[in-house]
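Me: Please walk me through the structure below, one question at a time.

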Amino acid sequence: TIDEIIHKAVEYKPDFDEQKLRQAYRFAQNAYEGMYRLSGDSYLSHALAVTDILMQLKPYEDTLVAALLHELPKTANNDMELIEKTFGANVRLFIEGIHKIRNLRLRQTGTNPEVLRKLIMSMAKYLRVILIRLADVQHNMETLDFIQSSKRKNIAKETLDVYVPIAARLGIYSMKTRLEDLAFKYLYSDQHASLKYELDEYAKRQERILENVKAELDMFLASKNIEGRIDGRLKGLYSIYTKLKRKSRTMLRDINDIFAFRLVLPTRFGQSGEEVSEHLYVLLGL
């Protein structure tokens with residue numbers, strides 16, 4: 001809901017302009033009225049879902065406003081001059097940029113994925129346009145079951161070939177992994193189902209590994225008087241699938257690195273205010 005999104009935003013930005021986002025929400029309610037996706041959900045619910053996906057990146061007001069209104073070019077109420085007057089020039093530029101990118105299709109352009117990726121990156125004057133588009137693609141993939149089966153593989157292939165590498169290039173690995181696994185499900189459904197079952201069973205048998213390794217790393221950091229955070233997770237299905245293929249293996253037990261751990265340290269600055277990284281390499285050495 002819009003209240004939940006605002007609550008998250010205020011947590012990372014206490015001076016967040018709540019009224020601007022509520023105004024955009026009311027604008028979206030009117031603009032999307034009577035418009036529904038193939039899933040039966042309203043355009044408004046899709047816009048909220050896209051906005052919520054973006055929250056992991058802690059965006060500012062204009063990005064969230066544009067995310068709420070990114071479907072406007074499809075509506076009868078697509079007066080971009082009014083958008084600029086009401087919400088500012090940036091919001092208009094973001095929405096128009098998203099619309100241009102959405103009109104690019106791998107199967108329509110007949111070009112190779114790398115050319116299309118470069119074209120998308122060059123067309124997006126602002127990075128935030130690409131971030132909103134990635135969130136849009138993710139929610140589309142999460143509701144792909146409602147698309148005609150004949151179109152699903154094309155959409156999944158475009159996601160895997162074009163948008164996954166863009167997310168990786170931007171360092172948004174949580175989104176990259178999610179998009180990969182969703183595309184994997186539709187491109188290689190049998191392999192996906194088999195590997196998911198095997199991984200679920202493996203995780204049940206090894207359920208304490210994440211907890212135990214995290215505890216050991218916590219103790220190690222404490223013994224060195226290092227402040228930091230440790231995250232542990234199972235690697236993504238598609239990542240494991242490609243690893244098995246590279247090693248010409250078929251069984252999960254044939255590979256060792258099923259789990260991934262990440263140590264996150266506080267940002268530090270030098271005397272001139274520049275960000276420094278020496279403490280990261282100290283930890284790596286330890």
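Me: Which residues of α11 are buried?

Reply: This is a predicted model, in which local features need pLDDT of at least 70, side-chain atom pairs count only at pLDDT 80 or more, and totals for chains, interfaces and linings use all residues. Residues are numbered from 1 along each chain as its sequence is written, and side-chain values use heavy atoms, with hydrogens and water left out. Helices (DSSP runs of H or I, at least four residues) and strands (runs of E, at least two) are numbered from the N terminus, while buried means under 20% relative accessible area, exposed over 50% and partly exposed in between, with a 1.4 Å probe and protein chains only. By that cut-off, the buried residues of α11 are M175, K176, L179, E180, D181, L182, A183, F184, Y186 and L187.

Me: Which elements are among those that cover the buried residues of α11?

Reply: Contact here means heavy atoms within 4.5 Å. The cover over the buried residues of α11 includes α3, α9, α10 (149–169), α12 (189–205) and α14 (237–246).

Me: How far apart are the end C-alpha atoms of α11?

Reply: The expected span of a helix is 1.5 Å times one less than its number of residues. For the 15 residues of α11 that should give 21 Å, and the model agrees, with its end C-alpha atoms apart by 20 Å.

Me: How many of the residues of α3 are buried?

Reply: Helix α3 (residues 43–54) reaches 17 Å from its first C-alpha to its last, close to the expected 16 Å. Its buried residues are Y43, L44, H46, A47, L48, V50, T51, I53 and L54, and what covers them includes α1 (2–12), α2 (18–31), α4 (61–68), α9 (127–142) and α11. Helix α3 is therefore largely enclosed by the rest of the structure, its buried count being 9 of 12.

Me: Where is N225, and what is its relative accessibility?

Reply: Just after α13, N225 takes a positive phi of about 55 degrees, although N225 is not a glycine. Its place is in the loop between α13 (209–223) and β1. N225 counts as exposed because its relative accessibility is 74%.

Me: What is the relative accessibility of I83?

Reply: I83 is found in helix α5 (residues 80–87). Leaving aside neighbours within four places in sequence, I83 is in contact with F27, L69, L72, G88, V91, R92 and I95. I83 counts as buried, with a relative accessibility of 0%.

Me: How much space lies in the second largest pocket, and which elements give two or more residues to its lining?

Reply: On a 1 Å grid over the protein atoms alone, a cavity is a set of points where a 1.4 Å probe fits but cannot get out, whereas a pocket is an open set with protein on both sides within 12 Å along at least five of seven lines, and lining residues have an atom within 4 Å of a point. Grid points are joined across faces, edges and corners, and a volume is the space filled by probe spheres set on the points. The second largest pocket holds about 240 Å³, and its lining is L57, G171, I172, Y173, S174, T177, D231, G232, R233, A260, F261 and R262. The elements that give two or more residues to this lining are α11 (173–187), β1 (229–234) and β2 (259–264).

Me: How many helices and strands are in the protein?

Reply: The C-alpha trace spans about 60 × 55 × 35 Å along its principal axes, and buried residues make up 40% of the 286 residues. The protein has 15 helices and 4 strands.
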